[in-house]
Amino acid sequence: MDDDSKKVILVVEDVAESRESMSLMLHARGHEVMSAVNAEEAIKIAEQRRPAMILTDLDLPTLGFLMRQIRGDGNLKDMLVAIIDVNGPEVRRDYKLTVLADFDQLDAAIQSLP
């Protein structure tokens, strides 16, 4: 993977095993990965590092708070937040929120980032 296609991805996941799995998968695809266990930590990291994408899942207990904070922050409001949900194979785009059904869709979303 060349440097232009390498992205910084912030994984936000409260379950350590899932967070590690997502991080390893993204590292294997050549991306730089940061991680957070909740919305509060994710917002701090996003403000400091400005990742290309935030990746989380639908079960994150602080997902609503995370989305409100991002959409309310002038510097973060246009950031893509991707939600991987392999249990619901539906993909939808709502502003900058994308629900992904599999890792092929995740790869495509990452490649579409500026």
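Helices (H or I, at least four residues) and strands (E, at least two) are DSSP runs, numbered from the N terminus. This is a predicted model, in which local features need pLDDT of at least 70 and side-chain atom pairs count only at pLDDT 80 or more, while totals for chains, interfaces and linings use all residues. Residues are numbered from 1 along each chain as its sequence is written, and side-chain values use heavy atoms, with hydrogens and water left out.

**Helix packing**
- Helix α2 (residues 39-49) packs against helix α3 (residues 63-72) at about 30°, and their axes are 9 Å apart; axes are lines fitted to C-alpha atoms, for helices over the stretch in contact, and angles run from 0 to 180 degrees between N-to-C directions.
- The two helices, α2 and α3, are therefore roughly parallel to each other (angles under 35 degrees).
- A39, E40, A42 and I43 of α2 meet F65, L66, Q69 and I70 of α3 in this contact (heavy atoms within 4.5 Å).
- Six of the residues in the contact of α2 with α3 are nonpolar, one is polar and one is charged; Ala, Val, Leu, Ile, Met, Phe, Trp, Tyr, Cys and Pro count as nonpolar, Asp, Glu, Lys and Arg as charged, and the others, Gly among them, as polar.

**A109**
- A109 lies in helix α4 (residues 103-111).
- A109 has 3% relative accessibility and so counts as buried (under 20% relative accessible area, 1.4 Å probe, protein chains only).
- Its C-alpha atom is 9.2 Å from that of M53, 56 residues away along the chain.

**Confidence**
- The chain has a mean pLDDT of 82, with 81% of its residues at 70 or more; pLDDT is the predictor's confidence in each residue, from 0 to 100.
- Mean confidence is lowest in strand β5 (residues 92-94), at 44, and highest in strand β2 (residues 32-36), at 96.
- Over residues 89-95 pLDDT stays under 50.
- Where pLDDT is low, the predicted coordinates should not be read in detail.

Definitions and conventions
Parallel < 35°, antiparallel > 145°, perpendicular 65-115°, else oblique. Buried < 20%, exposed > 50% of the residue type's maximum accessible area, 1.4 Å probe, protein only.
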